[in-house]
Amino acid sequence: MANRVVIGSQWGDEGKAKIVDFLTLDADVIVRFQGGANAGHTVEVGDQKFVFHLIPSGIMHDNKVCVIGNGVVLDPIQTLAEIEDLHQKGITPEGRLFIADNAHVVLPYHSALDKAKEKKAGKAAIGTTGRGIGPCYSDKVNRIGVRVGDLLDEKELRPRVEAMAKVHNDEFVAMYNEAPIDSEVVIRDYLELGNKIRAFVCDVSDLLHKALKAGKRLIFEGAQGTILDVDQGTYPYVTSSNTVAGYASCGAGVGPTALDQIVGVVKAYTTRVGNGPFPTELLDACGDNLRQIGNEYGATTGRNRRCGWFDAPVVRKAAMVNGLTHLAITKLDVLDTFDSIKICTAYKCDGEILDLIPNQLSKVGRCEPVYEEMPGWKQDTTACKSWGELPENAKNYLKRLAELVDVKIGMVSVGARRDQSIIIDME
Ligand code: GDP
Ligand code: IMO
Ligand code: MG
């Protein structure tokens, strides 16, 4: 059985967690490899609903091992809150949740800086989740970060926090007119948090290497989406990590030869939270309709998600930069009541026809979608269990999406629950 990387192929919230939860039936180890608590991953099983920000979505299954890799930026407070929530739902992560000792820690400096920067940027704000993601990754690359392993030993933690505090407290005062944060309080609090997560911390790369050697099946759970990738997305309106499949290797500490299938999760339409260009956005009643039927409100911040038609130039780019082997098309059911459905097949931009979303931000802003229209199916798909049970027009719509982006359909999702999943071809 293949190891699978499951990534978002649009602007996030494609339903990755639902797909990961379903594919976990077939796997042993589930690994988050980038991002942080900016992610909001919703899993519905029976009448239980869970939104994960840091813990891999596979944790809902008994006996599966879940791993937070070195590429993640870890907020220990959020991690402990999620562990507590799991306990309340009767799920025990102890003994099967592992956190990389070399993952970076989101500290109060980072969330304060994230918010202060956004406030100061005014209209030019990115629309971040305010979870401190950008500042934490900046400190990592700038080599002044704090890692999970440092939380376990005051001798390691103290000098690093003191050095970081010096940089950021000067910044708070001089640039943002904000109060400095007392490093003594941070050291005390984070040593305590370190003690609470101590039992979960290990060398994750070693653990995964042994799992691979033992023939265990891995799923790498992406966060955000390809067009939020810091290199491939609509920069600077992106997140601060690489969200693409290749980063599963870097962010988990396994070689790229461990990655077999690359499953691109796509909504049957498109959404985006936060600011930045969105060529197929619908600012009319149709967009409101998609939001309402699709319940498109952010799982992390509760913000309205912006909604629009399926955008092939976006998903083509995702197919290319991730090397997608399969599509998992979600939320097909949201289109059940539409009379007709538009698909953006290409963009018109500066007198040219473009097949791919361009890298240059101003150019994306000038892209006008070229649409084709397909008839809706006007039938409830939420109980469909196989390709054969789907309405003819729904099948035609799905086939057209796959044809436009030149990737085969592996799975289709027709509802939030685990059993509302149709396997097409996951070979
Ligand atoms: P993620 O961040 O990619 O994991 O996605 P989110 O959890 O942020 O958002 C996806 C939302 O759609 C969640 O509320 C899911 O429960 C829900 N969902 C997932 N798949 C389907 C589907 O096929 N149909 C419907 N109606 N909802 C779905
Ligand atoms: P999941 O994993 C959708 C967006 C934010 C903002 C930009 C930068 O649930 O798909 P950040 O806080 O990362 O610095 O914000 O990225 N964003 C997401 N949008 N889904 C997510 O995660 C997101 N994580 C970040 O809205 O536009
Ligand atoms: Mg989400």
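**Ligand surroundings and local backbone features**

In this predicted model, P236 is located in the loop that runs between β10 (218–221) and α8 (247–252). The peptide bond leading from Y235 into P236 adopts the cis form, with omega near 5°. Most peptide bonds are trans, and a negative phi is found for most residues other than glycine.

N295, although not a glycine, has a positive phi of about 50°. The residue belongs to the loop between α9 (285–293) and β13 (306–308). K378 is placed in the loop between β18 (368–375) and α12 (392–405).

The surroundings of ligand 2 were considered next. The space that ligand 2 takes up is the largest pocket. Around ligand 2 there are 20 residues, of which D13, K16, H41, T129 and T239 are the closest. By residue class, this shell comprises seven nonpolar, 10 polar and three charged residues.

At D13, a backbone N or O atom lies 2.8 Å from an oxygen atom of the ligand. The side chain of K16 contributes an N or O atom at 2.7 Å from an oxygen atom of ligand 2. For V273, a backbone N or O atom is found 3.2 Å from an oxygen atom of ligand 2. Of the 550 Å² of accessible area that ligand 2 has on its own, the protein covers 97%.

A polar contact within the protein involves E14 and T330. The backbone oxygen of E14 is positioned 2.5 Å from a polar atom of the T330 side chain. T330 is part of strand β15, which spans residues 326–330. The relative accessible area of T330 is 2%, and T330 is therefore counted as buried, the cut-off for that class being under 20%.

Key
Residues are numbered from 1 along each chain as its sequence is written. Chains are lettered from A and ligands numbered from 1 in the order in which they are written. This is a predicted model: local features need pLDDT of at least 70, side-chain atom pairs count only at pLDDT 80 or more; totals for chains, interfaces and linings use all residues. Side-chain values use heavy atoms; hydrogens and water are left out. A residue is near a molecule or strand if one of its heavy atoms lies within 4 Å of it. A polar contact is a pair of N or O atoms within 3.5 Å; within protein, one must be able to donate a hydrogen and the other to accept it, and residues adjacent in sequence count only if both atoms are side-chain atoms. Accessible areas come from the Shrake-Rupley method with a 1.4 Å probe; for residues, only the protein chains shown count as cover. On a 1 Å grid over the protein atoms alone, a cavity is a set of points where a 1.4 Å probe fits but cannot get out, and a pocket is an open set with protein on both sides within 12 Å along at least five of seven lines; lining residues have an atom within 4 Å of a point. A molecule sits in a cavity or pocket if more than half of its atoms lie within 2 Å of its grid points. Ala, Val, Leu, Ile, Met, Phe, Trp, Tyr, Cys and Pro count as nonpolar, Asp, Glu, Lys and Arg as charged, and the others, Gly among them, as polar. Helices (H or I, at least four residues) and strands (E, at least two) are DSSP runs, numbered from the N terminus. Buried means under 20% relative accessible area, exposed over 50%, partly exposed in between (1.4 Å probe, protein chains only).
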